[in-house]
Amino acid sequence: MLEAADLACERGGRALFHGLNFSLASGELLRIGGANGSGKTSLLRILCGLLTPSAGEVRWQGQAIRSLAEEYSRSLVHIGHAAGLKDELTAAENLAIACTLAGVSRDGAGDALARFGIPGEKPVKQLSQGQRRRAALARLALSQNVPLWLLDEPFAALDAAAISLVEELIRGHAGRGGAVVFSAHQDSGLQETRLIQL
Amino acid sequence: MTRVIRCLIYRDLLVAWRRRSDVAVTLLFFVIVVSLFPLGVGPEPELLRQIAPGVIWVAALLSSLLALGRLFEADHADGTLEQLALGAAPLGVVVSAKALAHWLVSGLPLVAIAPLLALQYDLPGGLYGVLALSLLLGTPVLSMIGAIGAALTLGLRGAGVLLALLVLPLFVPVLILGAGAVEMAAAGVGGHGQLLLLGAMLVVAAALAPWASAAALRISLE
């Protein structure tokens with residue numbers, strides 16, 4: 001499905017990585033490991049097309065993602081460092097709007113928030129950091145038909161219950177034939193994962 | 001695609017409604033600047049009538065500049081802009097929808113309140129309509145051109161000042177045509193030519209500016 005050919009990335013004149021090759025088939029999980037500042041976030045941003053690699057290219061089903069544009073972004077979910085939630089809106093409004101903008105059905109948004117234990121009617125600015133993170137990750141529960149998930153530190157700031165819920169969602173997605181790339185410092189509970197060390 | 005546009009306009013209007021004070025600030029700025037001139041210049045009806053179109057237009061221009069900083073900044077800070085760039089619709093369409101919502105919140109109130117403020121300048125009766133019409137055609141152009149500048153300066157240090165330096169020169173044609181329309185109508189020549197040119201600028205800006213802003217946003221997001 002996803003293929004990285006000879007990727008290199010340079011930030012602020014410093015080479016983060018180069019000559020990175022891998023491919024990801026459906027049903028596979030890939031963890032990006034590495035120290036702080038080693039380029040995990042940059043690699044994920046390159047994979048979703050927000051950042052242009054200084055060399056090489058990313059291919060989705062054999063075609064360069066540059067030429068696919070929205071066709072590619074419709075087949076991925078990217079959850080980055082920032083939660084991507086508007087402070088003024090409630091968690092439920094945020095989730096429903098994010099789904100509409102991503103072209104995903106918003107059915108079951110209430111259930112998704114309940115699974116993550118988020119009070120849907122509270123404005124996001126009243127939520128704690130961990131709760132915001134969960135509210136952002138609740139999108140995953142509604143994105144089961146989106147083939148590619150790109151998650152930046154999905155387990156950061158989460159408690160044990162939420163971590164196992166996210167792991168369960170990731171495992172379920174791989175079981176359905178989806179592919180997941182995520183970054184994490186430590187080994188996660190997902191044993192079947194391949195690892196790229198930056 | 002239309003669902004995305006509707007949803008985005010709804011979202012931006014809802015956020016603006018929950019942060020009404022931000023919206024009120026730009027409108028109040030406009031009201032105060034326009035009201036300061038008669039106080040400073042003195043109650044000279046002939047002079048006030050002459051400077052009215054220019055003063056109201058310059059105030060509208062500065063007030064929309066003040067509002068421009070909000071266009072992408074909040075979305076950039078909370079990460080929703082990245083989500084929009086990875087959304088189902090092309091980024092150019094997203095930018096048009098955002099610029100439209102931004103104009104509804106920051107431009108349209110100026111159009112509505114300008115004739116009322118013009119009373120202080122004792123404009124002859126027929127000119128209130130021309131003034132409102134010129135602002136109705138001109139302020140969306142300001143939002144569109146401003147969106148390019150806002151996208152280019154996104155996330156930079158001192159973005160506000162840079163934005164003003166970048167965008168104000170580009171606002172000059174709109175200012176000349178907008179104020180000119182009212183002046184021509186006051187001189188009895190009719191401001192149709194200027195209004196038609198403003199309309200043409202609006203069409204061109206609506207067609208091209210969103211794509212330029214989208215390209216600038218992609219660069220800023222890197």
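1. Basis of the model. The model is predicted, so local features are given only where pLDDT is at least 70 and side-chain atom pairs count only at pLDDT 80 or more, while totals for chains, interfaces and linings use all residues. Residues are numbered from 1 along each chain as its sequence is written, and chains are lettered from A and ligands numbered from 1 in the order in which they are written.

2. The parallel sheet of chain A. Strands of a sheet pair through backbone hydrogen bonds, either parallel or antiparallel. In chain A, 5 strands form an open sheet with parallel pairing, in the order 6-7-8-3-9; helices (H or I, at least four residues) and strands (E, at least two) are DSSP runs, numbered from the N terminus, and two strands pair if DSSP finds at least two bridges between them. Strand 6 (76-79) and strand 9 (194-197) of chain A are at the edges with a single partner strand each, so one side of each has no neighbour in the sheet. From one strand to the next the twist averages 15°, where axes are lines fitted to C-alpha atoms, for helices over the stretch in contact, and angles run from 0 to 180 degrees between N-to-C directions. Strand 3 (residues 29-33) of chain A is joined to strand 9 of chain A in the parallel sense by 4 bridges, and Leu30(A) stands opposite Arg194(A) of strand 9.

3. The antiparallel sheet of chain A. A second open sheet has 4 strands in the order 2-1-4-5, with antiparallel pairing. Here strand 2 (14-24) and strand 5 of chain A are the edge strands, each with a single partner strand, so one side of each lacks a neighbour in the sheet. Strand 1 (residues 2-11) and strand 4 (residues 55-60) of chain A run antiparallel and are joined by 5 bridges, with Ala8(A) having Ala55(A) as its bridge partner. Strand 4 and strand 5 (residues 63-64) of chain A form a hairpin with 2 residues between the strands, in which Gln61(A) takes a positive phi near 50°.

4. Helix 1 of chain A and both sheets. Helix 1 (residues 40-48) of chain A lies across strand 3, strand 6, strand 7 (148-151) and strand 8 (179-183) of chain A, at about 150° to strand 8. Helix 1 of chain A also lies across strand 1, strand 2 and strand 4 of chain A, at about 130° to strand 1.

5. Helix 2 of chain B. Which residues of helix 2 of chain B are buried? They are Thr26(B), Phe30(B) and Val34(B), where buried requires 20 or more other C-beta atoms within 10 Å of the residue's own, exposed 12 or fewer, and partly exposed lies in between, with C-beta atoms placed from the backbone. Seen down the helix axis, the buried residues of helix 2 of chain B fall within an arc of 60°, so they line one face of the helix; the arc is that of the directions from the helix axis to the C-beta atoms. Exposed residues on the other side of helix 2 of chain B include Arg20(B), Leu28(B) and Gly40(B).

6. The contact between the chains. The contact takes 24 residues from chain A and 23 residues from chain B, counting two residues as in contact if their C-beta atoms, placed from the backbone, lie within 7 Å. On the side of chain B that touches chain A, the largest share, 8 residues, comes from helix 1 of chain B.
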